[in-house]
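This report covers a nonpolar core, a sheet and a helix. The sequence and the structure come before the details.

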Amino acid sequence: MNLDAFWIIMTGSLVAISSGLLGCFLILRRMAMVGDAISHAVLPGIVLAFLFSGTREVWSMLFGAAALGVVCTFLIEFFHKKARVPADASIGVTFTWLFALGIILITVYAGQVDLDQDCVLYGEIAYVPLDTWITESGLSLGPRTVWMMAGVTLVILAFITLFYRQLYLTSFDPAFAAAIGISTSLWYYLLMGAVSLTTVASFESVGAILVVALMVGPAATAYLLTDQLKVMLILSAVFGVVASFAGYYLALWLDGSVAGAISVIIGLEFLLAFVFSPTHGLVSRRRHLVVTTPQPASA
Amino acid sequence: MCLFLLFSSCTPQEDTAELAKQQGKLYIVTTTGILQDAVANVAGERAVVEALMGSGVDPHLYKAALGDLQKLRQADVIIYNGLHLEGKMGEVLEKLSRQQTVWAAAEGLPKNKLRHSPNYPDTHDPHVWFDVQLWSKLVAHVSERLQKHDPAHAQEYRQNTQKYLQQLDSLHQWAKQQIASIPAQQRILITAHDAFGYFGDAYNIEVRGLQGISTMSEFGLRDVSSLVDFITKRKIKAVFVETSVSNKAIEAVQEGSKQRGQQVKIGGNLYSDALGEAGGPAGTYIGMVKANVQKIVEALK
């Protein structure tokens with residue numbers, strides 16, 4: 001059981017780090033609910049993948065879901081830019097439309113097959129230790145999910161450290177970024193590609209609610225505590241990891257759902273920050289966030 | 001990493017699994033309550049059988065608790081339905097079969113006895129327990145595997161199984177006779193989701209469902225109106241709701257028929273994917289089938 005606990009907390013932490021980091025950029029762009037949008041928008045991808053492959057096997061489902069995740073973020077930006085609707089409205093229109101498309105595809109083509117995100121895509125974090133990766137020689141290398149999420153987390157970490165300046169400038173000051181020759185569209189799509197990759201891989205590992213909670217909650221909590229993006233990124237990841245730890249033990253104590261418990265802890269963290277934050281808290285009357293624009297070199 | 005392990009070393013472990021082992025019994029974990037009942041009848045005194053899903057739980061939408069992981073880890077044998085009834089959890093259990101003893105009970109049934117979707121011959125209807133005869137085959141299959149797994153008590157398992165199969169056989173005959181007593185014109189079972197396919201085949205009663213196999217897929221407007229047409233044309237007296245599915249859809253049909261002048265009553269709550277309260281009349285498989293058949297006969301006759 002000890003090792004099982006370790007793997008569950010490890011998985012939670014890896015998902016927390018990758019979604020927590022990306023969540024910061026999403027919040028700054030006022031697109032926090034993009035994770036939730038993707039969780040719905042993947043439905044037609046799953047159905048199409050099933051119609052083409054004829055199986056509900058995990059890799060074809062992942063491929064279909066990832067493809068629709070990218071399509072979803074692409075459409076959000078397209079409507080936002082071309083139709084000039086606000087980003088939140090664009091998110092709302094896009095994912096409800098795609099989800100509805102998926103429902104229609106199911107009823108028309110696959111009504112006799114049990115097919116939805118819950119039963120073919122969303123994983124369960126409590127079962128992570130059961131699905132181990134065993135080599136041909138019979139050596140157990142630990143859960144498949146941990147390897148997959150470790151890979152995703154490394155990609156996200158590399159992406160953010162290498163291109164911090166571009167991501168920072170296009171999020172805060174698109175006009176300035178454009179003036180010095182950084183394409184806002186390109187970095188938007190790269191960021192959204194990273195979000196799609198992380199969410200879809202995480203859905204398969206730990207289920208939808210937890211991913212959405214980890215993408216928004218810790219980043220929002222960090223937002224209350226600091227005005228600096230770098231600090232916000234670190235805090236967001238730390239809050240997510242702490243929630244994974246505490247949530248696991250809460251679930252153990254209650255014999256309840258792990259994903260539910262972690263999400264509850266995230267909510268508590270936010271409440272605490274909301275009450276006690278030095279700048280935005282209820283206790284010290286809040287002062288508005290002043291976005292200082294540091295020199296790109298020092299950022 | 002050391003910190004992780006330090007924290008996780010203090011987990012409480014006092015439960016049925018330990019107790020079973022102390023008494024020299026097998027500890028068997030099943031997914032649904034229906035399977036638990038079958039396995040308990042086969043194993044008798046030789047095993048403690050526990051189900052992960054309680055009564056009234058829809059197995060398509062079950063959310064795992066952390067304690068489930070512990071139960072699965074401690075189990076000597078894990079038995080699940082298979083044929084995608086448990087969704088993603090079934091996949092996980094299949095993977096687990098490389099490390100622990102895991103059996104997919106319904107996968108042991110002959111493929112030609114299974115209902116499959118017309119377009120996708122590889123996706124089968126998992127609700128095999130609605131045909132008592134088919135369920136008997138599954139019980140026999142589980143019993144054989146249990147005999148092989150624990151040869152020391154094979155004799156006992158065989159005796160238990162024989163006794164139980166006889167009960168199931170007379171249940172099957174009884175159900176057949178009961179359903180046949182409904183006039184052929186009125187022998188139509190209308191329910192919310194498509195779980196009763198095997199029941200219809202086995203007991204010669206026409207089955208109409210509003211939704212597809214999955215309890216998630218929504219019912220279409222045309223489904224409702226065509227069902228209303230069907231009900232008024234055939235003058236059907238009752239439609240049925242299920243314990244583990246929402247009643248909304250079937251109530252829409254009832255309302256629609258009323259407007260067209262055909263009074264349809266709700267024939268009762270049928271047990272579909274889960275047993276009734278433990279200890280109650282529908283708390284066992286046999287009790288569940290009896291309760292369903294009685295309700296159907298009463299309402300449609």
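## Nonpolar core

Among the 185 residues of the largest nonpolar core, those that touch the most other members are A:I46, A:V258, B:I28, B:V39, B:A43 and B:I79. Such a core is a set of buried Ala, Val, Leu, Ile, Met, Phe, Trp, Tyr and Cys residues joined through C-beta atoms within 7 Å; buried means that 20 or more other C-beta atoms lie within 10 Å of a residue's own, with C-beta atoms placed from the backbone. Helix α1 (residues 2–28) of chain A supplies the largest share of this core, 14 residues.

The model is predicted: local features need pLDDT of at least 70, side-chain atom pairs count only at pLDDT 80 or more, and totals for chains, interfaces and linings use all residues. Residues are numbered from 1 along each chain as its sequence is written, while chains are lettered from A and ligands numbered from 1 in the order in which they are written.

## Sheet in chain B

Four strands of chain B form an open sheet with parallel pairing, in the order β2-β1-β3-β4. Strands (E, at least two residues) and helices (H or I, at least four) are DSSP runs numbered from the N terminus, and two strands pair if DSSP finds at least two bridges between them. Because β2 (47–51) and β4 (102–104) of chain B stand at the edges with a single partner strand each, one side of each has no neighbour in the sheet.

Strand β1 (residues 26–30) of chain B is joined to β2(B) by five bridges, and the two run parallel. B:T30 is opposite B:A51 in β2(B).

## Helix α11 of chain B

Helix α11 (residues 285–300) of chain B has 16 residues. Its buried residues include B:Y285, B:M288 and B:L300.

Terms used: Expected span 1.5 Å × (residues − 1). Buried ≥ 20, exposed ≤ 12 C-beta atoms within 10 Å, placed from the backbone.
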